[in-house]
Amino acid sequence: MRGWRSFDGWVDALSQVMARPLRAGLTGFSVAWGVFMLVLLLAAGDGLENAMRWNYRDDAINSIWLQSGRTTQAHAGHPKGRRISLDDGDVELVEALPESGHVTGRYIPPGDTRIAHGSRVSTFDIRSTHPDHKHLEGTQLITGRFISERDLEQRRKVAVIGRRVATFLFPDTRPEAPELVGAEVRVAGIVFTVVGVFADEGGEREESIVYLPITTAKAAFGGRDHIDQLMFTVGPPELDAASLAAADRAIASVRTGIAARHGFSPTDRAALRVRDRVHAYADVQAVFVWLRRFTWMVGLGTVLAAMVGVGNTLLISVKERTRELGLRRALGARRSDLVGMVLQEALLLVSVAGWGGLVAGVGLVELVRRNLSEDNGYLRDPDIDLLSVGVAVVAIVVSGVLAGVVPAWRAAAIPPVVALQDE
Amino acid sequence: MTTPLIHLRALDKTYRTGGRPLHVLRSLDLDIGAGESVAIVGSSGSGKSTLLNVIGLLDEFDSGTYLLDGRDAQGLDDATAARMRNELLGFVFQSFHLLPDKDAVDNVALPLVYRDTPRRERMDRARQMLARVGLGDRLDHLPSQLSGGQKQRVAIARALVTEPRVLLADEPTGALDSSTSREILALLDEIVADGKTLVLVTHEAEVAARMQRTIRLHDGSIVDGGD
């Protein structure tokens, strides 16, 4: 039997490759190195992207954050330099937008931020919010509940405390223990009842916070209708094609509406500072799309360069074996047999070396992944997915065949009588 | 003679060298019957090797008729020409053309690869053929471990392993000393005696004299020994 399924053909190809071990080794190394680098680049790109996602995990990526400032333009009879203060009317304005999803204000009580339980007292961040705040901050309750609408309506003195706060105030109780619900804590000297304990992927700093109902906090700490920050989501949690346009519309409406309410110019960026995480995240995503393309380009370029080396090696091999090829034609080989023979040699060389590079690359990536520090902010969980491995394998096989095509064609094109006379 | 195994009529072949035509075979007529042994002789450049290559389907001709075993050999596609070479023809070359990294058995078995013979059968037949040419004790030897005469015996075994109708030999003793040449010629005599057709190119009168017929070429034409 001859052709691709022929065992003898593969043995023949192997013996040809092994007959020149140094040449085959160097060529094979260039292929293996190309594939190895492709795998490393893909994994590094993946690790960087994962790190970026990780760094964005704290707050909702589809969120827009508003904070007031001072005007820089005179407008409607008002001088510039006026301080703008957001209020409950702005929250209602944002809630009325068709693009807005979850909406929350945030009021930070001024002055005393001591939190106490019994004799244990410490200073923690205090934030008073609306119930939707948990969606914007990615708050994960480990026991109890978050602030509710009824808490706001009835101005209940309830608190949701972070895991670190719970650990400090209740050192003998696990933070996820249900019995923490109902415990009393003093916030700036006022007694609040704990209704929930939360964790936050933002880390320890984000778990050192106490949340209060915004209405209660304003009443207790003199906030009146002032709010410090206003946040809302736009579209689905994972950005889609419509997210950017929706964010643009929402921001334009917010700037116009809030500017009209407070009497400043809608073009005055300093009067209302907008942090647009939708576009920020999309921009970073776009960078990673280009990075991924660049990675593939560089990686495949490296593989391609290696394949040119394979092609050259095979051309030399064909030249050296011209008389043998002529002899084979004389003995009954067809042109297609010679093409198959050279392609088999190319495929064998490329496959073995390519697989070697692939295994080495995947092995190194796995090693790095297992030993990478959790705190690493630049590279996180680098990996290459099955699709990428599949594409790499196909790239190896296709480029192996391509590398062999020219030498194979050359081999087949030599007339047998000419080949037999080759010196 | 009944239907000739090799039948050439008005065969012409021209090479172009530097834009000028070089007529290497001119209106050549030749019939060779089954079982004949024929020597093609002539001075250098007379066209004897070209004629052998055309007969062996290794080279094409420009015009005329060539019937090999009754089959028209003009304008054959690659696969048909390859199959006819494999089934009907065996080649012996002056410089042996053995594959250096294969042992004697693998070298002899090579033509059988191209007729899809199973490996075990290939090996058996190659061993038998090597035994027939007196190399039964050199089966595993590489060409570099064989003498010139032994290499040519391996080449002859390789030419015969497919049981071809015609054995084509191009200066089969050209690279051998006189003693070894005699051994090879004796072997070729045996092969002819077994009924094979032998066409060989030689410049040695002694070799030509052992053939049943000698064809002399001059400037691409048969000047003696044709039909």
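## Helix H1 of chain B

In chain B, H1(B) is followed by B:Leu57, a residue whose phi is positive, near 60°. The structure described here is a predicted model. Helix H1 itself covers residues 48–55 of chain B and is mostly covered, with 8 of its 8 residues buried. These buried residues are B:Lys48, B:Ser49, B:Thr50, B:Leu51, B:Leu52, B:Asn53, B:Val54 and B:Ile55.

## Chain B as a whole

Chain B contains 7 helices and 10 strands. Its C-alpha trace spans about 50 × 40 × 40 Å along the principal axes. A compact globule of 227 residues would have a radius of gyration near 17 Å, and the 17 Å of chain B therefore agrees with that expectation.

Of the 227 residues in chain B, 49% are buried. When contacts with a separation of 6 or more are considered, residues 24 or more positions apart account for 71% of them in chain B.

## Chain A as a whole

Chain A has 13 helices and 14 strands. Its radius of gyration is 34 Å, whereas the globule rule gives 22 Å for 423 residues; the value for chain A is well over that figure, so chain A is more spread out than a compact globule. The C-alpha trace of chain A spans about 105 × 60 × 30 Å along its principal axes.

Buried residues amount to 45% of the 423 residues of chain A. Among the contacts in chain A between residues at least 6 apart in sequence, 81% join residues at least 24 apart.

## Packing of two helices in chain A

Helix H2 (residues 21–55) and helix H9 (residues 277–320) of chain A pack with their axes 8 Å apart and at an angle of about 175°. An angle over 145 degrees counts as roughly antiparallel, and H2(A) and H9(A) are therefore roughly antiparallel to each other. The residues of the contact of H2(A) with H9(A) comprise 17 nonpolar, 9 polar and 3 charged.

## Nonpolar cores

In soluble globular proteins, nonpolar side chains tend to be buried together. In this model, the largest nonpolar core has 120 residues. The residues with the most contacts inside this core are A:Val35, A:Val39, B:Ile40, B:Val108 and B:Val199. Helix H11 of chain A, residues 335–371, gives the most to this core, with 12 residues. Apart from this core lies another, of 56 residues, which includes A:Ile115, A:Leu136, A:Phe192 and A:Leu239.

The surroundings of A:Val35 can be given in detail. Leaving aside residues up to four places away in sequence, A:Val35 touches A:Val303, A:Gly354, A:Gly357, A:Leu358, A:Gly361, A:Ala392 and A:Ile396.

## Contact between the chains

The contact takes 18 residues from chain A and 20 residues from chain B. On the side of chain B that touches chain A, helix H2 (78–88) and helix H3 (104–113) of chain B each supply at least two residues. The largest share of this side comes from H2(B), with 6 residues. By class, the side of chain B that touches chain A has 9 nonpolar, 3 polar and 8 charged residues.

Methods: Residues are numbered from 1 along each chain as its sequence is written. Chains are lettered from A and ligands numbered from 1 in the order in which they are written. This is a predicted model: local features need pLDDT of at least 70, side-chain atom pairs count only at pLDDT 80 or more; totals for chains, interfaces and linings use all residues. Helices (H or I, at least four residues) and strands (E, at least two) are DSSP runs, numbered from the N terminus. The radius of gyration is taken over C-alpha atoms; the globule rule is 2.2 Å times the number of residues to the power 0.38. A residue is buried if 20 or more other C-beta atoms lie within 10 Å of its own, exposed if 12 or fewer, and partly exposed in between; C-beta atoms are placed from the backbone. Two residues are in contact if their C-beta atoms, placed from the backbone, lie within 7 Å. A nonpolar core is a set of buried Ala, Val, Leu, Ile, Met, Phe, Trp, Tyr and Cys residues joined through C-beta atoms within 7 Å. Axes are lines fitted to C-alpha atoms, for helices over the stretch in contact, and angles run from 0 to 180 degrees between N-to-C directions. Angles under 35 degrees count as roughly parallel, over 145 as roughly antiparallel, 65 to 115 as roughly perpendicular and the rest as oblique. Ala, Val, Leu, Ile, Met, Phe, Trp, Tyr, Cys and Pro count as nonpolar, Asp, Glu, Lys and Arg as charged, and the others, Gly among them, as polar.
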